[in-house]
Amino acid sequence: MFIYLLKRVSLGLVIVVFAVTLLFCMIHLVPGDPARILLGPRATPEMIAHLSAQMGLDQPMAMQILKFFGNLLRGDLGMDVITNRPVAEIVFGQLPYTLWLIGSAIVGAMLIGIPLGCYSALHRNTWFDRFSGIISVACITAPAFVVALYSLLIFAVWLKWFPAVGAGEPGDFFDQISHLVLPAIAIGISWVGYLSRLVRASMLEVMGENHIRTARAYGLPENTVVYQYALKLAVLPTVTVIGVGMGFLLSAALFTEIVFSRPGIGKLIFDSITTRNYPVVMGSVLVSTIIFVISTAVSDLINAWLDPRIRNSL
Amino acid sequence: MSKATDNVLSIRNLSIDYATQEGSLKALRNVDLDIPKGQIVGVVGESGCGKSTLISSIIQLMANNAKTTSGTVFFEGEDLLTMSPTKLKSLRGQRMSIVFQDPMSTLNPVLTIGKQMVDIQYRDKRSKSQKRQRSADMLAQVGIPDPASRLNQYPHEFSGGMQQRISIAMALQAQPALLIADEPTTALDATLEVQIIDMLKELQSSIGCSILFISHHLGVIAELCNQVVVMYAGEIVEQGPVSRVFKSPKHPYTQKLLECDPASIAKKTRNLPTIEGEIPNLSDLPAGCIFTSRCHKKTAQCEELKPKRHAVTQGATEKHFVTCHLESL
């Protein structure tokens with residue numbers, strides 16, 4: 001297990017290096033000089049040259065990448081060109097909001113979706129199974145921003161159950177939670193449907209396998225068969241999907257944060273792109289990428305912990 | 001037939017249908033079978049002859065579309081077909097257990113051997129370490145070296161033969177009255193097959209259980225079993241002591257089957273013998289004998305009339321039965 005952990009973490013690091021390099025190239029190969037765009041049409045050539053030098057844009061590409069990595073290792077993501085604050089400080093200030101949002105969305109979706117899928121699989125073709133199938137598919141097909149807009153309209157504007165915008169007063173836990181409910185539902189609801197369908201399918205597959213027949217042939221109690229013998233195998237694909245799904249959740253969070261005017265990485269990316277604040281774009285996309293890489297690595301590690309066969313496969 | 005109390009398992013007139021799109025498929029018809037205490041009974045027959053249905057009916061884990069249309073299955077004096085699910089559960093793995101065909105898929109891949117072997121002892125009131133000790137002892141008996149530490153390993157860390165030994169250890173751990181072995185050696189190579197068969201024989205005599213042994217392999221049946229049951233398309237066509245049935249088979253199907261056994265072929269040949277024709281459609285049965293379409297000795301009577309079961313040897317202690325018109329003369 002320890003060897004697997006080492007291998008998986010180093011693989012994760014390699015992925016981060018590749019992703020960052022690619023990201024860096026993509027931003028720099030886009031036509032147009034960032035310094036010129038940033039300063040606007042009335043900038044003089046001297047001003048552009050000055051800003052380019054300040055941002056290090058006058059140096060060769062390879063040099064820029066190396067320098068970026070060097071700064072990255074020291075935790076320096078560059079300076080915000082507008083407020084002149086360190087990008088790292090801005091990004092890490094916004095990060096907890098987004099992590100809370102996607103974290104509560106996915107945990108909520110797991111708590112509802114996984115038992116729902118299990119129950120459907122074990123009571124296959126009953127009215128409950130069919131009903132939960134319809135609801136699940138309906139949940140999957142609802143885009144996050146649509147759910148966000150309607151929930152905002154219904155629960156915040158008409159019913160006034162939950163606040164509409166912002167993230168709540170800092171330090172006031174309950175205020176923050178009440179601000180979290182609607183956005184978390186908006187991005188989590190499709191995952192309830194998705195997870196319940198996925199768990200149902202893999203549960204049905206596992207319940208048909210020979211070793212489950214063996215467990216039954218030994219008269220093991222049904223709860224042991226389902227929750228210890230079958231579920232451990234049935235959640236494996238789900239864990240992988242959740243790991244990859246963090247990427248989708250990050251992009252869903254972007255829309256939701258805009259709709260609810262919540263602070264967060266998504267809102268930060270949106271604002272910095274509209275103001276052409278290129279170091280902030282770079283920094284926040286980088287942090288999102290790292291979150292994505294970490295979440296896939298964690299899901300792989302969980303699977304390796306659950307399934308001994310995976311430990312030997314990397 | 002011996003008295004019912006001497007039989008661990010006694011099946012009478014068992015018929016099972018499967019509901020399919022083409023109507024009901026009569027997978028088992030009027031099966032009578034006894035397994036005497038301490039004996040090994042072999043069942044042979046082609047694929048699709050109802051061997052698996054027979055097993056699933058004994059352990060009462062049948063497919064959803066299966067329906068028992070007639071008969072009784074008495075196990076230690078109680079009918080399994082009318083037994084409560086709780087009572088059935090208490091028998092499974094305690095009084096009767098089963099070794100399945102494919103060892104690579106019968107054990108749970110994500111749980112250690114130790115956990116699986118300890119879990120099936122859940123009814124016992126012993127401590128966990130005592131249960132583990134018992135499992136380790138059982139593994140040692142089936143020839144797994146260093147059993148105590150191997151309890152911590154997962155199924156994929158064992159070879160196929162080892163996994164089948166573990167399955168047998170699990171099945172015999174509770175010292176059941178009946179062990180059902182569903183082609184336990186089919187997935188293994190010939191050398192391993194001999195080892196497993198020898199081991200089964202040894203364990204059977206030390207535990208004193210009965211075994212219902214399902215196999216395609218006639219040589220293994222001859223080696224291991226006391227009695228043999230020959231099944232064809234859902235019916236028992238011949239049954240009796242192994243020595244009698246294999247030495248002087250009465251049913252044309254048994255005769256053909258024995259001719260097809262590669263071990264019995266003396267002449268060098270490019271083509272292995274086969275039985276001409278195919279198994280009849282079980283949802284549309286012929287009026288007469290089930291084997292008529294492939295039989296080389298059929299008469300006009302065979303097409304129209306169902307044959308009855310006849311005792312081949314009158315008065316002998318161990319009876320030999322055959323279901324064929326030729327023997328009724």
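Reader: What should I know about the numbering and cut-offs first?
Author: Residues are numbered from 1 along each chain as its sequence is written, and chains are lettered from A in the order in which they are written. The model is predicted, so local features need pLDDT of at least 70 and side-chain atom pairs pLDDT 80 or more, while totals for chains, interfaces and linings use all residues; side-chain values use heavy atoms, without hydrogens and water.

Reader: How many helices and strands in chain A?
Author: 13 helices and 0 strands. Both are DSSP runs, numbered from the N terminus: helices are H or I with at least four residues, strands are E with at least two.

Reader: What box do its C-alpha atoms fill?
Author: For chain A, roughly 85 × 55 × 35 Å, along the principal axes.

Reader: How many salt bridges between chain A and chain B?
Author: 0. The rule wants a side-chain nitrogen of Lys or Arg within 4 Å of a carboxyl oxygen of Asp or Glu. Over all chains the count is 18.

Reader: Which atoms are closest in the A:D129 and A:R200 salt bridge, and how far apart?
Author: The closest N and O atoms are 2.8 Å apart. A:D129 lies in α6 (residues 127-141) of chain A and A:R200 in α8 of chain A, so the pair ties together parts 71 residues apart in sequence.

Reader: How do α8(A) and α10(A) pack?
Author: At an angle of about 150°, with axes 8 Å apart. Axes are lines fitted to C-alpha atoms, for helices over the stretch in contact, and angles run from 0 to 180 degrees between N-to-C directions.
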